[in-house]
Amino acid sequence: MTFRAPKKGENYELSVDLNSEYREKRKDAIKRVIASMTVGKDVSGLFPDVLKNMQTEDLEQKKLVYLYLMNYAKTQPELVILAVNTFVKDSDDPNPLVRALAIRTMGVLRAEKIIDYLCDPLQKCLRDENPYVRKTAALCVAKLYDLKPELVVENGFLEHLHEMISDSNPMVVANTVAALTDIHIAATSQPSTSSSDHGIFPITTNILNKLLIALNECSEWGRVAVLNALSRYEALDEKESEHICERVVPQFQHANGSVVLAAVKVIMIHIRGVHREDLIKQLIRKMAPPLVTLLSSPPEVQWVALRNINLLLQKRSDILQNEMRVFFCKYNDPLYVKVEKLDIMVRLAGENNVDALLSELKEYSSEVDVDFVRKSIKAIGQTAIKIDVAAERCVNVLLELIDTRDIFRKYPSTYEGIIPTLCANLDELDEPEAKASLIWIIGEYASKIDNADELLGIFVDSFTEESYAVQLQTLTAVVKLFLKKPDSSQGIVQRVLNTATKDCDSPDVRDRAYIYWRLLSTDPGAAKSVVLATRPPITIPRTAVPPALLEELLGEISSLASVYHKPQETFVGRGKVSADSLQRKGTELSDERFSRQKALQTVAAGQQSENLLDFDDSPAAEGQPSGLAATEVYSHTSAAANLIAGTSTNPLDDLVSIFGNTAPTLAPAAAPAAAGASHDLFGGMDFGGSSGSGGLGSPLTAQPSGSQVTSPVSSQPQNTQEDLLGLF
Amino acid sequence: MISAFFIFNQKGEVLISRLYRTDFKRSIADVFRIQVVSNSDVRSPIITLGSTSFFHVRINNLYVVAVTKNNANAALVFEFCYRFINICKSYFGKIDEESIKNNFVLIYELIDEINDFGYPQNSEIDTLKTYITTESVVSSASVEDSSKITAQATGATNWRRGDVKYKKNEAFVDVVEVVNLSMSAKGTVLRADVDGHIQMRAYLSGTPECKFGLNDKLVIDRNDKGTVSDAVELDDCQFHQCVRLNDFDADRSISFIPPDGEFELMRYRATSNVKLPLRIMPTVTEIGTSKVSYDVTVKTNFHNKLSATGIVLKIPTPLNTTNVECQVANGKAKYVPGENVVVWKIARLQGGQECTFSATAHLTSTTTRQVWARPPIDVDFQVLMFTASGLIVRFLKVFEKSNYHSIKWVRYLTKASGSYQVRF
């Protein structure tokens, strides 16, 4: 021991105790070392002292020493070598628990020196008579591959693992499948040198049969691993697809939610190959009850399930047809669960259950959480747009809560009767989004509101004090008013254009004012056709996720990607992968990716053109920045909106929030404003996806151009999508 | 897969930290502390930053956190976190900062055993308890034991040892139903369903083969066609891993080799013909801006030989309530300002009876007139020997090589806690 800690302080005391002649004292000292390690104190200096205690009969003490080793082996590579002997000896111990422990620990020591000594014991343990040791050894191969892939290949461990799929013990099979899958994933993201086209772990028909047998016998976690492997299998013909589905269906009854979701995933993949209508129906029917049961799980699992149900409904809207009531929010559900339930309720809404839904939504809109209230009201609006016959009932509900303008757009001349109610509330608004909404309404129905010029005059007077959203909306509304009633409003339009171009410091507002001005002065007819253009009617899309992406996500049910409704490339870092390899992968996948990208672009383009048509309606969509910029803009506005929401002391807060939510212009900003669960996450992910180095501590540096192109593209339509959803 | 596992206390101090894989440094814990613990407005159980995702579950002021770096299986990660929580509860009786700190050595042992390289491993509590104990195990003395244990931990019936022996062979079956109710102000039932679970304590020798029968509508209807039966329609069933799912899928029979001791045999859900044990009839009127009057009647809705116990009604009051005058014929009522509720407790209420609560809440005048959101009245209670779904255990047959006689006990309990809500 050439270096020593100073002869005082905590570490010195520990060191003395670790060398004590009394067994109990030494063990106690080890526990204290582990405690210090946990809270982040540096106890690496005690390495030799701890190591001395490794040779022991006491299993608990051995585990503690191993735990210490796992943490510090990397920092003390010279000294780890001293431990090798004990490890090798332990891996030959008559006690299977000790053997397994040794092999489990050696695999994660991460010291170059020890790896070479790992191969022999591992070889032995893979053939151990005890299944507990074998299952541990199987995972150890994956650990070794993570450290030094060459060694795995050289020693023939891969072939060995393949043999172990036929092991008599289901637990060993499950871990073997997990290990092979792990290696397979690692290998496919590496530049491949030796492995074939199918990667390391292709699922063949032979393997399939073994997996199907193991499925019924292994532990819950093993089942998830096996089901995941099954989902990668490509069925040869229809009969095989049917067979797989029939064998997997019983798993729906498993108590573990992740097994249920994994089974759903396998079914959703292999149902593609099934053409018998009755079987498809039967499978879908069997899927509904377990999905509903997941709603009795803890809230976090519930949330994952809800996000996935949302996806499933986009693919098969008939799954939960008659189950809307189970999605009614409980008062004490966490917000993220409630928001998800809302979305699903709207998806499940139909003519037969719309009344129950509306009374429920009305109930929610009197709750405390502003964000939830907004979303509930938005949901009423969505219902009105979705179910034509219920629109009137929806409006009646909304009228009680006072609203809105999207419904106006779909049924332009039907609901003008409520305008006076809205105008009467003009003075009581103080939230910019709400104001902007109302101003839009006044502009749109300027010809029907007698005192429209008076009402707008109020806003023109206070023009410079209003927020930009209100300014933009005022500007447009006044121009509309002028086009509809040119005689009486010449003055006001002049005034607003003047103020907007001269006194306003927002370039957006100024530019728009200039455009209007020029339009009005050169060709009023053209102005009319632009400003007063009839807008395309809104319909609620059945899918919020582009179809190609939806298919991909359905194949990843219960994964993070399916929770976020985003392709995994947007948030999974390509840590240690070289740019080169990704390029390669890129070309491999280019066909598929290209088509998807194209699909995404079309969707984006379609929506953007719609937004452009709408430009007087939603200024935010007008110059929508893409990718990173978009996120930044959102986060700024959200901060501002947050401030407003937080400081608003108006007694009519509820009312204001009702209006606020219906302002489509700011909807995307409003959503993250109150840190709405999913939206916020999307925001965060956009950073990660498009900026590359934005993620904390994530070595995303090697992001090749290929994926850099895709991620903004794929995230942008998402944004527009959000935006579009916001409109409703 | 799970790359790291942490437990934080409420202040964000690390109580347990275990890196399963090599893609993170210990300092990743600081990121979680900054992003979640010290952030007052976290509205999602998963936070993704860059490519790192933090899954967290809050329980008793603790954060149980799993960190992943790939497109992880979210359901699996959360199920794993909850499994860990259940294991702790079973080992230490509770899970909180104190129990974690006092048992950290054992916890490290446990989390090493139930997860290897990020992949969850056998986490059957009964099996774990055979080889991870509070007393230290000496390795050489127990080679034979360990062989048995490991065989069990990986075996086809990894939940049961083969050599169990009892003098008296007994099995206890507890049917516990949790009723969820959401009733509108008008008294219509918006949603009523039952989450049931069947808890079993099996003290049976050898390797018993059990068959379990319920008055499941699908089974009864098939067997005796034409006869009118009081069968129950179960929407969905989920079983302990010992139950042969293929058998159930084929003919809805429930057959299994039970673990030794206590376990949850099955869970089920029923939504049709739910019998609501308690009816709550509230009349709440706001008198001007200074008073709210309450009139709440509770009525039991089951046979008069049975009784509901531990009834607790939480009746919400407006935020600006100063005091509440309560009058009750039965039990005790008390205003709890911290929660803005009046808590009315009734120790016991016989079937077919009713009792009433009337009160007046006095409000302070506030400058900003907030509309009162009127949260629902929440009711907790228990009713023994009653099932809201109408479920009955028809039989439990035990077959064993030695053909011993076994005694079976069945108990029913219906309860509500936090999910029986009546709006007003």
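1. In this predicted model, B:Ile377 and B:Val422 stand opposite each other, the latter in strand β24 of chain B. The two strands concerned are β21(B) and β24 (residues 420–422) of chain B, which pair in the antiparallel sense over 2 bridges.

2. Strand β21(B) also has other partners. It is joined by 4 bridges to strand β23 (residues 407–416) of chain B, and these two run antiparallel. A position to look for here is B:Leu384, which stands opposite B:Leu413 in β23(B).

3. Strand β16 (residues 307–316) of chain B pairs with β21 (residues 377–384) of chain B as well, in the antiparallel sense and over 5 bridges. Between these strands, B:Thr309 stands opposite B:Gln382, a residue of β21(B).

4. Elsewhere in chain B, 5 strands make up an open sheet with antiparallel pairing. Read across the sheet, the order is β2-β1-β5-β4-β3. The edges are formed by β2 (14–19) and β3 (46–49) of chain B, each of which pairs on one side only. From one strand to the next, the twist averages 15 degrees.

5. Which residues touch the most other members of the largest nonpolar core? They are A:Tyr68, A:Phe87, A:Leu230, A:Phe327 and B:Phe84, in a core of 217 residues. Helix α2 (residues 74–92) of chain B gives the most to this core, with 14 residues.

6. Leaving out residues up to four places away in sequence, A:Phe327 touches A:Leu295, A:Leu306, A:Ile309, A:Leu320, A:Lys341, A:Ile344, A:Met345 and A:Leu348. A:Phe327 is also one of the residues with the most contacts to other members of the 217-residue core.

How values were computed. Residues are numbered from 1 along each chain as its sequence is written. Chains are lettered from A and ligands numbered from 1 in the order in which they are written. This is a predicted model: local features need pLDDT of at least 70, side-chain atom pairs count only at pLDDT 80 or more; totals for chains, interfaces and linings use all residues. Side-chain values use heavy atoms; hydrogens and water are left out. A nonpolar core is a set of buried Ala, Val, Leu, Ile, Met, Phe, Trp, Tyr and Cys residues joined through side-chain atoms within 4.5 Å. Buried means under 20% relative accessible area, exposed over 50%, partly exposed in between (1.4 Å probe, protein chains only). Contact means heavy atoms within 4.5 Å. Two strands pair if DSSP finds at least two bridges between them. Axes are lines fitted to C-alpha atoms, for helices over the stretch in contact, and angles run from 0 to 180 degrees between N-to-C directions.
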